[in-house]
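Please look through the structure below before reading on. The paragraphs that follow lead through it part by part.

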Amino acid sequence: MNVAIVTVGDEILAGSTTNTNASWLAERITERGSTVQRILTIPDDRELIAAHVARWSDAFDAVIVTGGIGGTPDDVTVEAVADGLEREFVVHGEIRERLVEKAAAFREANPEMVAEYDLQLDIDAAASIPEGATPIVVDEGWAPGCLVENVYVFAGIPDEMKAMFEAVADEFQGDSTAETLYTPAPEGSLHEALEGVTDRFDVSVGSYPRSENRPGRIRVSSTDPETVDAAIGWLREHVETTDPPTETNASE
């Protein structure tokens, strides 16, 4: 499965929010054997989002769009997806009923906040999705995500986005497999080995240089696990290897 990821948000482009959603999604999708072929960040521009959705839904097996879906005036992501796929933007009855109950429970549990602030919840907006879409409802979020054709719409808030992805994660199962070898050798010394392994085996190879806190990495992938094993075995004979970094170092 070839996947494109579109992250929507003016705040990401301004640098005030770090785009952790794209890297998290790419890692989870790759782990499942699918391939992320595009990652794009664009502003909260309804026409621009719609244009990319229209084009990329034809070009890729799946498109993931993350951004504001909460029903506030600057949340245009879901409406833009509806535009891009030429669908009406409609209130989903079951979602609306759920949100009415959720809003009532919130008001009951937070009477002081309700008394202090004029909370304006646009339930119809939050319950609206492209016509015919399948809602992705999670406890972590207010408004639901959705699946429409091959386009998955997730919230931009990381906890909500992760919950929505996990709800549909099995749909991103692919046939690619990969294995990583770690080396203390500088990347400049690996040219012959990297060229040799691709000459001998039908694999894709990525080389990632070492840093002060972690060794270099050579990642080998293919649709055939036995070919990956053989290529890794060959590399071990031709490249100096070391143990994988600890979790602490890996995160640095």
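Which residues does L99 touch, not counting residues up to four places away in sequence? They are I123, A126, A127 and W142, where contact means heavy atoms within 4.5 Å. L99 is part of helix α5, residues 93–109; helices here are DSSP runs (H or I, at least four residues) numbered from the N terminus. L99 has a relative accessible area of 0% and is therefore buried, a term that means under 20% relative accessible area with a 1.4 Å probe and protein chains only. D124 is 25 residues from L99 in sequence, and the two are 9.1 Å apart in space, C-alpha to C-alpha.

This is a predicted model, in which local features need pLDDT of at least 70 and side-chain atom pairs count only at pLDDT 80 or more, while totals for chains, interfaces and linings use all residues. Residues are numbered from 1 along each chain as its sequence is written, and side-chain values use heavy atoms, with hydrogens and water left out.

The protein is divided into domain 1 (2–171) and domain 2 (178–237), with bounds that come from an automatic or database domain assignment. Taken over C-alpha atoms, the centres of domain 1 and domain 2 are separated by 37 Å.

Next comes helix α4, residues 77–84, which is mostly covered, with 6 of its 8 residues buried. The buried residues are T77, V78, A80, V81, A82 and G84. Just after α4, E86 has a positive phi of about 55°.

Helix α3 (residues 46–59) and α4 have axes that come within 7 Å and cross at roughly 50°; axes are lines fitted to C-alpha atoms, for helices over the stretch in contact, and angles run from 0 to 180 degrees between N-to-C directions. The two helices are therefore oblique to each other, the term for angles that are not under 35 degrees (roughly parallel), over 145 (roughly antiparallel) or 65 to 115 (roughly perpendicular). On the α3 side the contact is made by R46, I49, A50, V53 and A54, and on the α4 side by T77, E79, A80, V81, D83 and G84. These residues divide into 6 nonpolar, 2 polar and 3 charged.

A further pair is helix α9 (residues 191–200) and helix α10 (residues 225–238), whose axes come within 10 Å and cross at roughly 150°. α9 and α10 are therefore roughly antiparallel to each other. In their contact, A193, G196, V197 and R200 of α9 meet A231, W234, L235 and H238 of α10.

Notes: Buried means under 20% relative accessible area, exposed over 50%, partly exposed in between (1.4 Å probe, protein chains only). Ala, Val, Leu, Ile, Met, Phe, Trp, Tyr, Cys and Pro count as nonpolar, Asp, Glu, Lys and Arg as charged, and the others, Gly among them, as polar.
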